[in-house]
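Hello,

Here is the structure we talked about. Please open it and follow along with the notes below.

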Amino acid sequence: MAFVTAPESAANRPKPGRPPVCKPEVVIDVIDMRRKGLSHMQIAIALNARPVPTPMKKSPWSKEGVARLLRTQHAQAIARSMG
């Protein structure tokens with residue numbers, strides 16, 4: 001018995017999400033720090049020490065803000081491109 005898949009439609013395609021608001025350089029730094037084993041809190045402390053502005057230009061960075069950034073489609077796409 002053969003299975004028939006639904007044709008690609010607008011409902012089946014991934015949604016693009018909001019446009020990225022964080023600079024790619026910041027996202028790369030955060031991904032690098034996470035891959036080196038730093039916790040979200042340690043990354044937030046490092047970003048605040050520089051100081052690196054948060055995506056919404058609010059400060060300071062928090063562990064929740066770092067986790068939220070890493071969950072974005074933008075950050076996930078950059079992480080995939082980094083290998």
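**What was found**

R50 has 44% relative accessibility, so R50 counts as partly exposed. Buried means under 20% relative accessible area, exposed over 50%, and partly exposed in between (1.4 Å probe, protein chains only).

Some ground rules. This is a predicted model, where local features need pLDDT of at least 70, side-chain atom pairs count only at pLDDT 80 or more, and totals for chains, interfaces and linings use all residues. Residues are numbered from 1 along each chain as its sequence is written, and side-chain values use heavy atoms, with hydrogens and water left out.

Back to R50. What does R50 form with D29? A salt bridge, with the closest N and O atoms 2.9 Å apart. The term means a side-chain nitrogen of Lys or Arg within 4 Å of a carboxyl oxygen of Asp or Glu. D29 sits in helix α1 and R50 in the loop between α2 and α3, so the pair ties together parts that are 21 residues apart in sequence. Helices (H or I, at least four residues) and strands (E, at least two) are DSSP runs, numbered from the N terminus. D29 is partly exposed, at 29% relative accessibility. The structure holds one salt bridge.

Now the inside. The largest nonpolar core has 17 residues. Such a core is a set of buried Ala, Val, Leu, Ile, Met, Phe, Trp, Tyr and Cys residues joined through side-chain atoms within 4.5 Å. α1 gives the most to this core, with five residues. L47 is in contact (heavy atoms within 4.5 Å) with V30, M33, V52, W61 and V66, leaving aside neighbours within four places in sequence.

Best wishes
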